[in-house]
Amino acid sequence: MTADAESIQLAFDLDDVSVWEQPRYNIAPSQMVPVITNRKRKELTLLKWGLVPTWAKDPAIGNRMINARSETAAEKPSFRTAFKRRRCLIPSDGYYEWTKRDGKKVPMYIKRRDREIFAFAGLWENWKKPDGSWLGTCTILTTEANDFMRPIHHRMTVMIEPEDYDTWLSEEELNPGQWLALRAGCDSELLTAFEVSTQVNRPVNDNPTVISPVDTGNQQKLF
């Protein structure tokens with residue numbers, strides 16, 4: 001999420017974005033991510049990436065809950081309550097996915113062609129710590145890859161379009177028809193991608209160089 005607070009505020013019609021202090025170029029699981037929950041529609045908050053269900057005995061379960069399959073989230077015990085009552089938008093302007101090429105794993109940076117800020121479909125939870133305080137966490141929903149993403153990976157994130165923000169952030173339960181349309185994934189024509197350096201594999205590398213294209217000679221041919 002490389003955009004500044006003002007840009008995020010305008011993109012999502014928010015009143016309070018004070019938690020966003022500086023751009024991030026390499027947000028990793030277990031770190032804090034910017035989120036707009038259906039309980040605080042006008043406020044940007046920070047939640048830990050990796051959902052911890054309310055019934056969990058150990059918050060370490062969140063390390064395995066960074067993504068939720070959209071096809072089963074409404075039924076899975078780990079996600080079904082959040083899917084009904086605690087949905088959120090997770091603002092972003094790009095994300096990384098690893099693909100296989102010539103027997104090696106290669107990091108790709110995916111973003112919108114128009115470079116606009118977009119939103120992942122997310123779920124959130126509050127987990128009560130032993131000391132009585134609360135831990136807020138979230139997960140990102142995924143779906144089958146569209147035509148653009150399929151050569152890179154068989155799955156992709158669910159992106160919510162601006163006209164659907166209010167539907168997704170409603171505190172009412174979604175009917176199957178609504179959810180089917182939302183999780184279909186964005187149009188292939190909206191996306192672009194390019195290879196970036198493997199330095200993105202280390203979360204400590206959080207600077208503009210990690211989203212710089214690597215000159216491989218293949219970029220134009222592939223995308």
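A: A charge is taken to sit over a ring if NZ of Lys or CZ of Arg is within 6 Å of the ring centre and within 35 degrees of the ring normal. In this predicted model, the charged end of arginine 87 meets that condition over the ring of tryptophan 168, at 5.4 Å from the ring's centre. Tryptophan 168 also belongs to an aromatic cluster, together with Phe83 and Trp179.

The search of the whole structure for aromatic pairs returns 8 of them. One of these joins tyrosine 96 to tyrosine 109, with 5.4 Å from centre to centre and 45° between the planes, a tilted arrangement. Tyrosine 96 is in strand β5 (residues 95-101) and tyrosine 109 in strand β6 (residues 104-112), so the pair links parts of the chain that are 13 residues apart. Tyrosine 109 has a relative accessibility of 6% and therefore counts as buried. Phenylalanine 118 and phenylalanine 120 also pair: their ring centres are 5.4 Å apart and their planes stand at 75°, which makes the pair edge-to-face. Phenylalanine 118 is buried, at a relative accessible area of 3%, and phenylalanine 120 is buried as well, at 5%.

Turning to charged groups, the structure contains 10 salt bridges. In one of them, glutamate 171 bridges to arginine 39, with 3.4 Å between the closest N and O atoms. Glutamate 171 is in the loop between α3 (165-168) and α4, and arginine 39 is in the loop between β1 (32-37) and β2 (45-49), so this bridge ties together parts 132 residues apart in sequence. Both ends are partly exposed: glutamate 171 has a relative accessible area of 46%, and arginine 39 has one of 45%.

A salt bridge also joins arginine 155 to glutamate 71, at 2.9 Å from N to O. Here, too, distant parts of the chain are linked, with arginine 155 in strand β9 (residues 155-157) and glutamate 71 in the loop between β3 (67-69) and α2 (80-85), 84 residues apart. Arginine 155 is buried, at 8% relative accessible area. Glutamate 71 is partly exposed, with a relative accessibility of 26%.

Arg112, Asp114 and Glu161 are connected with one another through a network of salt bridges.

Aspartate 147 brings in a further set of contacts. The side chain of aspartate 147 forms a salt bridge with arginine 150, where the closest N and O atoms are 2.8 Å apart. Aspartate 147 is exposed, with a relative accessible area of 58%, and arginine 150 is partly exposed, at 48%. The backbone nitrogen of aspartate 147 lies 3.3 Å from a polar side-chain atom of serine 188.

Serine 188 sits in the loop between α4 (176-182) and β11 (191-195). The relative accessible area of serine 188 is 16%; the limit for a buried residue is under 20%, so serine 188 counts as buried. When neighbours within four places in sequence are left aside, serine 188 is in contact with Asn146, Asp147 and Phe148.

Terms used:
Residues numbered from 1 in each chain as written. Predicted model: local features only at pLDDT ≥ 70, side-chain atom pairs only at ≥ 80, totals over all residues. Heavy atoms only, no water. Helix = DSSP H or I, 4+ residues; strand = E, 2+ residues; numbered from the N terminus. Buried < 20%, exposed > 50% of the residue type's maximum accessible area, 1.4 Å probe, protein only. Polar contact = N/O pair within 3.5 Å; in protein donor to acceptor, adjacent residues only side chain to side chain. Contact = heavy atoms within 4.5 Å. Salt bridge = Lys/Arg side-chain N within 4 Å of Asp/Glu carboxyl O. Phe/Tyr/Trp six-rings, centres within 6.5 Å; stacked < 30°, edge-to-face > 60°.
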